[in-house]
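Below is a short briefing on nonpolar packing and surface in one model. Please read it alongside the sequence and coordinates.

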Amino acid sequence: MSSSSKSYNTVSIYWIEVNPPCLCHDQPVSKLREAWKPNNPAHSFYNCAKSMISNDNCNFFQWLEPSLPKHYKDTLWDMKLRIDYLLVRNGQVVELQKKVEKHKLLRKDEKELAEARIQELLIEIESLKKMLKKVALIAQVFLLFVLMYFKLF
C-alpha cells in the first residue's frame with residue numbers, strides 16, 4: 001500500500017494537513033470552506049467542491065476541527081456583527097464624502113471633520129480585526145489542548 005493511503009480518515013491530527021477526498025464522480029474534489037453562522041462562526045469544514053454550484057446529490061461533509069465552546073462562538077459572532085456594522089458605517093461615510101466632494105458643499109473645516117471621522121472608523125475596524133484574530137488564536141490554542149488531552153486519555 002502506498003504512503004498516500006486513506007489513513008487520514010482514521011487519524012484526526014491529519015485533518016489540518018490533508019484535504020480529505022470527496023469521491024464525487026470517482027474524483028477527489030473536496031473544498032475547504034468556512035461557516036459564518038451564529039452557531040458556527042469561523043468554523044472550517046470540507047465539503048464537495050461542486051455542492052455549491054450544481055445539483056449533484058453529493059453529501060460529503062467533514063468539520064476541520066472540533067466545535068468551539070459556546071462562549072467563544074458567541075464572542076466571535078458578536079465581533080463579526082460589530083465589524084460588519086462598522087464596515088457598513090464606514091462605507092456610508094465614504095459615500096457621503098464622495099457626494100459632498102462632487103458638489104463642493106463642504107467647507108474646509110467640515111471636510112476635516114468628515115475625514116477625521118473616517119480615520120476613527122478605520123482605526124476602530126482595525127482594532128476589532130486584531131481582537132478577532134486574538135480570539136481566534138486563543139480558540140486554536142484551546143482546541144490544541146483539548147485534542148492533546150483526548151489523545152492522552
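L132 touches L76, M79 and I83, leaving aside residues up to four places away in sequence (contact means heavy atoms within 4.5 Å). The model is predicted, so local features need pLDDT of at least 70 and side-chain atom pairs count only at pLDDT 80 or more, while totals for chains, interfaces and linings use all residues. Residues are numbered from 1 along each chain as its sequence is written, and side-chain values use heavy atoms, with hydrogens and water left out.

**Nonpolar core**
- The largest nonpolar core has 15 residues, and L68, L76, L86 and L132 have the most contacts inside it.
- Two or more residues of this core come from each of α1 (70-103) and α2 (108-152), and α2 gives the most, with eight residues.
- Such a core is a set of buried Ala, Val, Leu, Ile, Met, Phe, Trp, Tyr and Cys residues joined through side-chain atoms within 4.5 Å.
- Helices (H or I, at least four residues) and strands (E, at least two) are DSSP runs, numbered from the N terminus.

**Nonpolar surface**
- L137, V141, L144, F145 and M148 make a nonpolar surface patch of about 490 Å² (residues with over 30% relative accessible area and no salt bridge, nonpolar side chains joined within 5 Å; a salt bridge is a Lys or Arg side-chain nitrogen within 4 Å of an Asp or Glu carboxyl oxygen; areas by Shrake-Rupley, 1.4 Å probe).
- L144 lies in helix α2 and is partly exposed, at 45% relative accessible area (buried is under 20%, exposed over 50%, partly exposed in between; 1.4 Å probe, protein chains only).

**Loop residue V29**
- V29 is in the loop between β2 (27-28) and β3 (30-37) and is buried, at 18% relative accessible area.
- V29 and A49 are 20 residues apart in sequence and 5.6 Å apart in space, C-alpha to C-alpha.

Terms used. Patch = residues over 30% accessible without salt bridge, like charges linked within 9 Å, V, L, I, M, F, W, Y side chains within 5 Å.
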